[in-house]
Amino acid sequence: MIEALRKKAEELLKNKTVDVVYGYGEGSVPERTRPVFITKPEDVNKLTWNKYCVYNLTTYLKKQEARKLGKPAIVVKGCDAKTITVLIKESQLKREDIYIIGVTCTGIGDPPATKCEACDVNTPLIYDELIGEKIENKEFSFDERYAELDEYEKLSEKEKWEFWQKQFEKCIKCYACSSICPLCFCDRCIVDKNQPQWIDPSAHPRGNLSWNVTRAYHLAGRCINCEECQRVCPADIPLNLLNKKLAKETEKNFKYRSGYNADDELAMATYKEDDSEEIFK
Amino acid sequence: MTEENKFEPRIVAFLCNWCTYAGADLAGTGRKEYQANVRVIKLPCTGGIDPLFLIKAFERGADGILVSGCHPGDCHYNSGNYHARRRWNVYKPLLEFCGINPDRIQFSWISAAEGAKWVETINGVVDTVRALGPFENYQKLNTIGSDTSVSSETG
């Protein structure tokens, strides 16, 4: 699989189909990988693929430093590929401006990441070239997809508040969650705006709640569950629970799953006349 | 607790200019009485209400919030309330998931002709939130640490 990946990258660079390949390279220890940006065909041996390729490389599509390198080919797992569908849908990217090298994946991380438990995109849904044997994508029910939320939704109001306050009070407002997020692409984030100051910038419980709720909400109907925010959080806040909760509500209310079907209207950019009236008096 | 110190909830109501605000106005011109716990904030459209407004209101000491606009199909800007409805349909469960009582955030559609519905709705919100008591959980967040300027803002 690695050989096929390198060969494809070499071919793309030689033919000048792309200027750069975003991929995974070996890290300082075997259990780690790092993102690499290959611009010369002779460097393709730096590319690798294994279960430690956890990163969602599509986040570099929003970074000016990476964009300067020219037209990219990008190595994506099934989950990461969903990001590209959303970025195209949100007019952040043109399909022809990117070459997608999809890799089939049976789960990453050690121990395996939570997102891999109910993975239904072992084979990416969108790609130009597929590396690895095609895997039949599994199907999960609504309940199976959001099973992780059950134990938190069961809590009483008081327990929920206490649980989340305990989590949010750890937040140091480093904004790693939004820096890593491939879909947090605003040049000026709401937290950077101070006239008026909507979100307290200091790491104080008051601002921590508004930041974490707002960050999650701005991904409502958009998050593709790559879990990168949660992985990079230095305070170990289970941020993906919030994202997942919103994904669940979006699917329940609007039958929409982010990144699965390029033909679907973006959930939060459209409406239906018969949307749920339940909460309105 | 003496009668004078009885808890009176602070309710912030975000109303759209065209329907609910006019409805509340109608209640006034019709000399209908309702509980004076509500602070009305008039906005052009429910579609323009950022969810952060709600968080900010709680931060500044609100015990309950009402968001109200035109009935579906009646939006002055055609679709503002439809977009708003989508947002609240996911935002409310998110706040609930974080441990905020759903009765503290209420939504309604009240037209310019429904002065009576405004009276009934706002009284309902005030009574519900009064029964819930002050939103101490959130208000306590403000007082953590030595920053005292915050408490004077909320007072």
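This is a predicted model: local features need pLDDT of at least 70, side-chain atom pairs count only at pLDDT 80 or more; totals for chains, interfaces and linings use all residues.
View 1. Four strands line up as β2-β1-β3-β4 in chain B, with parallel pairing (strands pair if DSSP finds at least two bridges between them; strands are DSSP runs of E, at least two residues, and helices runs of H or I, at least four, numbered from the N terminus). The edges belong to β2 (38–43) and β4 (105–109) of chain B: each has a single partner strand, so one side of each has no neighbour in the sheet. From one strand to the next, the twist averages 20° (axes are lines fitted to C-alpha atoms, for helices over the stretch in contact, with angles from 0 to 180 degrees between N-to-C directions).

Some housekeeping: residues are numbered from 1 along each chain as its sequence is written, and chains are lettered from A and ligands numbered from 1 in the order in which they are written. Local features need pLDDT of at least 70 and side-chain atom pairs count only at pLDDT 80 or more, while totals for chains, interfaces and linings use all residues.

**View 2. β1 next to β3 in chain B.** Here 5 bridges join β1 (residues 11–16) to β3 (residues 64–69), running parallel. Ala13(B) has Leu66(B) as its bridge partner.

**View 3. Helix α1 of chain B over the sheet.** Residues 20–29 lie across β1, β2 and β3 of chain B, at about 115° to β1(B).

**View 4. Helix α8 of chain A, mostly covered.** Of its 13 residues, 11 are buried (20 or more other C-beta atoms within 10 Å of a residue's own, C-beta atoms being placed from the backbone). Trp211(A) and Tyr217(A) are among them.

Definitions and conventions
Two residues are in contact if their C-beta atoms, placed from the backbone, lie within 7 Å. A residue is buried if 20 or more other C-beta atoms lie within 10 Å of its own, exposed if 12 or fewer, and partly exposed in between; C-beta atoms are placed from the backbone.
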